[in-house]
Amino acid sequence: MDPVDSILVVDDDPTQIAILTAYFSSMQVAEILHARDGAHALEILDRHPKPVGLIVSDLKMPNMDGYELIRLLKSRGFKGRIALFSGHQKELIENAANLARMYGLDVIGHISKPLTKSSLDKVFGSRKSSEAGRANADGTWPLKEDVSAALDKGLFVPFYQPKVDLLTGSISGAEALVRWIDPERGVVSPGLFLPIATNSGLMGRLTIAIVECVIEDMQRPEWAGMKIAINIPPGMLSDITLPDIFMNRIGKAGLKTSQFCLEITESTVLDLDPATLEVLSRLRIHGFEISIDDFGTGASNISNLRMFPFNELKIDQSFINNVLTDAFSAETVNASVSLARMMNMRVVAEGIERKEVFDYVKAKGVHQAQGYLIAKPMPADQITEYFSHPHSWMRSIAAA
Ligand code: C2E
Ligand code: MG
Ligand code: MG
């Protein structure tokens, strides 16, 4: 989990509160607040001087239960993250989590009681990544000023994760994923600085910095014919000058817009306002591909998708990872493939870590695959090497 300063635990059972408090204290969370039910939680949120970063709530509580709390958090525009737990059957907790996501809340997971260290680690544990760049023990790094200074110094660069075409078996391109190369801390993952960049209005600068690096990297001859995906944050898409900014830079570099695929999250698709739709339409008509990232986590429906001719749908990794063990995930993958086929979109499975999952999605008709099984995100020099041997990824699969 990305670090947060304050967590609000909502439950009427003192034992669960004690377990969660001990757990979060061991993660050096600066402030752990307690509420006995939903109404008490809202009171605390109202009084608290700073926004609370994470709410961990039981579903069944006296007075105001978790469902009502979810609805009221949505109407108050709560911007933090939410995790839900319950002693009731798994499907009920999943259903509550889905409901919260439909309300546009940022649900990071759900847990069945009894709460154990391993079940909590699955939702709140640190990322498995071997990359450096965790927050300091006091959780204060990076600050807005650090991110801004790093932008000035050009310390944000893209790493690239290859995408494999399952029909031809060759590498079709890569996704650019921002990393902060800090002289002292090493490679810092986006989970640590994107929330700060977002809250401080720095995402525009960061995106342009990444686009510029990608354009430069794409000049190398080995990159010819490779399609590069770039993540575009929601806020930028309502800026009607964006298509011209991108096209100018790409045109000057002698590249074609069709070499770029712009990934927007499913939540952006849900709030398609006229300005965003205009920007997307102009980008598309000028040759950019547009992809819906993290598909399945939002609540888009066919009518949302028909508003715009998207090129690609990327099924969220949470479904891909569970596709062999969880019927709901498997159904989500199947439904996504059918929907994409019906709408003439390419389907990408992201986050593939196991060979069995790779075989599964291939058999289901997914077009492209991406994940640690094939390769982790890597620096530009390394992927240049990778692009020169378009079938080299098969060795990592064979060794898995
Ligand atoms: P995303 O766009 O959905 O990217 C996929 C994330 O999953 C990446 O994390 C990638 O490293 C990770 N991943 C890929 N394969 C596997 C796998 O097999 N297993 C697991 N566990 N993870 C895998 P990363 O690089 O930490 O990025 C996280 C998110 O941050 C991205 O999710 C994207 O939403 C955002 N992001 C990254 N770079 C940029 C950027 O340049 N601009 C913007 N706006 N957002 C970015
Ligand atoms: Mg992406
Ligand atoms: Mg994704």
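Author: Let's start with E350, which touches D293, D294, K314, I315, D316, Q317, I320 and Q370 when residues up to four places away in sequence are not counted; contact here means heavy atoms within 4.5 Å. Before going on, please keep in mind that this is a predicted model, in which local features need pLDDT of at least 70 and side-chain atom pairs count only at pLDDT 80 or more, while totals for chains, interfaces and linings use all residues. Residues are numbered from 1 along each chain as its sequence is written, chains are lettered from A and ligands numbered from 1 in the order in which they are written, and side-chain values use heavy atoms, with hydrogens and water left out.

E350 sits in the loop between β13 (346–349) and α15 (355–363). Helices (H or I, at least four residues) and strands (E, at least two) are DSSP runs, numbered from the N terminus. With a relative accessibility of 7%, E350 counts as buried; that word means under 20% relative accessible area, whereas exposed means over 50% and partly exposed lies in between (1.4 Å probe, protein chains only).

Now follow K314 from E350 across to E175, whose side chain it meets in a polar contact of 2.8 Å. Such a contact is a pair of N or O atoms within 3.5 Å; within protein, one must be able to donate a hydrogen and the other to accept it, and residues adjacent in sequence count only if both atoms are side-chain atoms. The E175 side chain makes another polar contact, with the side chain of N231 (2.8 Å). E175 belongs to strand β7 and is buried, because its relative accessibility is 4%. Leaving aside neighbours within four places in sequence, the residues in contact with E175 include F159, Y160, Q161, K163, A229 and E263.

W180 lies in β7 (residues 171–182) and F193 in helix α7 (residues 190–199), so their pairing ties together parts that are 13 residues apart in sequence. The two ring centres are 5.8 Å apart and the planes stand at 75 degrees, so this pair is edge-to-face. Rings of Phe, Tyr and Trp (its six-membered ring) pair if their centres lie within 6.5 Å; planes under 30 degrees apart are stacked, over 60 edge-to-face, and the rest tilted. W180, at 2% relative accessibility, is buried, and F193, at 0%, is buried too.

W141 brings in a charged neighbour: R185 lies over the face of its ring, 3.6 Å from the centre. A charge sits over a ring if NZ of Lys or CZ of Arg is within 6 Å of the ring centre and within 35 degrees of the ring normal. Another example is K376, whose charged end sits over the ring of Y372, 4.8 Å from its centre.

To finish, come back to β13, where your tour began. The loop between α14 (327–342) and β13 holds N344. N344 has a positive phi, near 65 degrees, though it is a residue other than glycine. In contrast to the buried E350, N344 is exposed, with a relative accessible area of 70%.
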